[in-house]
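Work through the exercises below with the model open. Try each task before reading its solution.

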Amino acid sequence: MILLMEITRTAVVTGGAHGIGAGIARRFAADGLAVALVDIDRERASSTAEEINASGGRAIAIGADIADPDAATSAVHTAAEELGGVGVLVNNAGFARDSVLPEMTRKQWNDVIAVHLDAAFHTTQAAHSYMRTAGWGRIINISSISALGTPGRVNYSAAKAGLLGYTKALALELAPDGITANAIAPGFIVSDMTAATAKRLGRDFEEHQRIAASSIPVGRVGQPEDIAHAAAFFAHPDAGFITGQVLYVSGGVHG
């Protein structure tokens, strides 16, 4: 029981430096988990970790390009060594490289698949060894409503849809080990990514948010905290009978 409690109070969040990942890390820390923020932007991850520590939580920053299999695996092992194991893994890291199909380059396709799908495989494989030993674990994959299809984003949509199938297969395979796997599919969330989309469309970001909110049933765009609440639910010890599920956190759009 002591080992179980130690393991369940640690988490690895990829893409944890800012946006959704930082929101999840802050919520986990507030709930008493020690958190490893894994991000290619180590400086920004360190700043977020320092903020969490200053607020009474426990967080470390690990700089890694998780599109590199060795870096992804090493990041998880480093987190386990410094925090005492891995009980919760959030595969959140990602970015968009938008283009219509005829103009999409092989690099745009490969880069998006690598950081969303390939990295999730490598981090999960590394974290699983700790979870299996403990007989307990929580895997949370951050997908998107784009998994249902978005024009100009065949790479991103394919990657996010792939995460849903990946989640469901993991849930079936890892259930005997006491490990759950669930996915969260965000809608429009205020983030660097949506700000970049606004810029690409030639819109002021505030205007972009107003336009998006007009088509969302609840009448507003989402914040990173909205996704963090869902992640905290899936990560909780009481959520052990919930696995293989996809939760749309989108204000009613597509969900």
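**Exercise 1: the aromatic pair**

The structure holds 1 aromatic pair (ring centres within 6.5 Å, with the six-membered ring used for Trp). This is a predicted model: local features need pLDDT of at least 70, side-chain atom pairs count only at pLDDT 80 or more, and totals for chains, interfaces and linings use all residues. Residues are numbered from 1 along each chain as its sequence is written, and side-chain values use heavy atoms, without hydrogens and water.

Task: classify the ring pair of Phe233 and Phe234.

Step 1. The ring centres lie 5.5 Å apart.
Step 2. The planes meet at 50°, so the pair is tilted; planes under 30 degrees apart would be stacked, over 60 edge-to-face.
Step 3. Phe234 is buried at 3% relative accessible area, while Phe233, at 44%, is partly exposed (buried is under 20%, exposed over 50%, partly exposed in between; 1.4 Å probe, protein chains only).

**Exercise 2: the two domains**

Step 1. An automatic or database domain assignment gives domain 1 as 10–187 + 223–249 and domain 2 as 191–221.
Step 2. Count the contact (heavy atoms within 4.5 Å). Domain 1 supplies 10 residues and domain 2 supplies 6 residues.
Step 3. Look for salt bridges (a Lys or Arg side-chain nitrogen within 4 Å of an Asp or Glu carboxyl oxygen). The interface has 1 salt bridge.
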